[in-house]
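Please keep the sequence and the model open while reading.

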Amino acid sequence: MSDPSSDSIVGINWGSSNFRAHLIAPDGTVTDSLEAAAGVASVQRDGMVDIAGHVRARWPDATRVYAAGMIGSNVGWTDAGYVDCPAGFDRLSERLVPTRMGELDLHIVPGLACVRERDGAPDIMRGEETELLGLQASGRLGDAPLVALPGTHTKWVRIVDGRVQEFMTAMSGEIYDRLTAAGLLASIVEGPGSDGAAFRDGVRTSASRTLGLGALLFGARARVIRGMLPKADASAYLRGLLIGSEIADALALFPRRENVAIPLVGSPAVCALYAAALEELGIASHAVASADAIARGFVEIDARVRASG
């Protein structure tokens, strides 16, 4: 009797901070996983080869291996480049980059690049495309024309006819982390910041566009110093300022249908903050279960590779 892994594929999500590999059955079910805090930012090439060796040893009968994420960047194993939008699975599958990492043969998924219609600015993504299109293929995004992937670098993605048309990346999460870790604003914050009156005040204030974000951020310090904002609420207010400004940017760039909720894809805690911010601005949203999204994305890519012969 043959090993069931011989009919499965291996999908690797290799980012800056973490390595996650999955044995994926033909129906998209993850049957085994291998994870490590070994992102490309902390592992040299010899270390990447060692990790690839663990993958091959764990699933020796799985011969079709795909990888997405920062492993395909200019600081990863090999630069897989970018596919210009609009793009879906067909274009990604056509541009897979074959490579060999030690004894492991694999194909790296390229990222996506766009030039936005409204402002003519470029943007790039790497790794999110496989997750996002996996959700699209499974029908979990419905017919929503605008999708948000909240995180350290949040993506706002416009989808047309099942393909990524264009997108915007906002560094709100990273900016918050850096502002509250060091510098002038670090001295006024306590706690992680959560939904509440201060958070929603920050959302409304920045989304109104009365002042730019630079002035509003310093204004948070002035509010605390002058007793207009309790120090315990400063973190929430700062988060609100950043997320509210980001939402205003996304809505200025991309069309949306008033009666269609915006899908939110990401960690529950972060998505809950974005849902609260959108609600404060009168915009409906809903969280999308995404634990198996990247696995489904790899299955869709593999199906097109096999179909092409």
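## Basis of the description

Helices (H or I, at least four residues) and strands (E, at least two) are DSSP runs, numbered from the N terminus. This is a predicted model, in which local features need pLDDT of at least 70 and side-chain atom pairs count only at pLDDT 80 or more, while totals for chains, interfaces and linings use all residues. Residues are numbered from 1 along each chain as its sequence is written, and side-chain values use heavy atoms, with hydrogens and water left out.

## Backbone details

Cys 85 and Pro 86 are joined by a cis peptide bond with an omega of about 5 degrees, and Pro 86 belongs to the loop between β5 (82–84) and α2 (89–94). In the loop between β11 and β12, Asp 161 has a phi near 55 degrees, which is a positive value in a residue other than glycine. For context, most residues other than glycine have a negative phi, and most peptide bonds are trans.

## The largest pocket

A pocket here is an open set of points on a 1 Å grid over the protein atoms alone, where a 1.4 Å probe fits and protein lies on both sides within 12 Å along at least five of seven lines; lining residues have an atom within 4 Å of a point. Grid points are joined across faces, edges and corners, and a volume is the space filled by probe spheres set on the points.

The largest pocket holds about 1,400 Å³ of space. Its lining has 40 residues, and the closest to the centre are Asn 13, Arg 126, Gly 127, Glu 128 and Glu 131. Elements giving two or more residues to this lining include β2 (19–24), β9 (122–125), α3 (128–138), α8 (268–280) and α9 (293–307). By class, the lining has 15 nonpolar, 18 polar and 7 charged residues, where Ala, Val, Leu, Ile, Met, Phe, Trp, Tyr, Cys and Pro count as nonpolar, Asp, Glu, Lys and Arg as charged, and the others, Gly among them, as polar.

## The second largest pocket

The second largest pocket has a volume of about 180 Å³ and is lined by 13 residues, with Gly 151, Ser 172, Gly 173, Arg 239 and Val 270 nearest its centre. Two or more lining residues come from each of α4 (172–181), α7 (231–253) and α8, and the largest share, 4 residues, is from α4. The lining comprises 6 nonpolar, 5 polar and 2 charged residues.

## Helix packing

Two packed helices are described by the angle between their axes and the distance between the axes. Axes are lines fitted to C-alpha atoms, for helices over the stretch in contact, and angles run from 0 to 180 degrees between N-to-C directions; contact means heavy atoms within 4.5 Å. Angles under 35 degrees count as roughly parallel, over 145 as roughly antiparallel, 65 to 115 as roughly perpendicular and the rest as oblique.

The axes of α6 (residues 213–225) and α7 come within 10 Å and cross at roughly 170 degrees, so the two helices are roughly antiparallel. The residues of their contact are 10 nonpolar, 1 polar and 2 charged. For α5 (residues 197–207) and α8, the axes come within 9 Å and cross at roughly 60 degrees, which makes α5 oblique to α8. In this contact, Phe 199, Arg 200, Val 203 and Arg 204 of α5 meet Leu 273, Ala 276, Ala 277, Glu 279 and Glu 280 of α8, giving 5 nonpolar, no polar and 4 charged residues.
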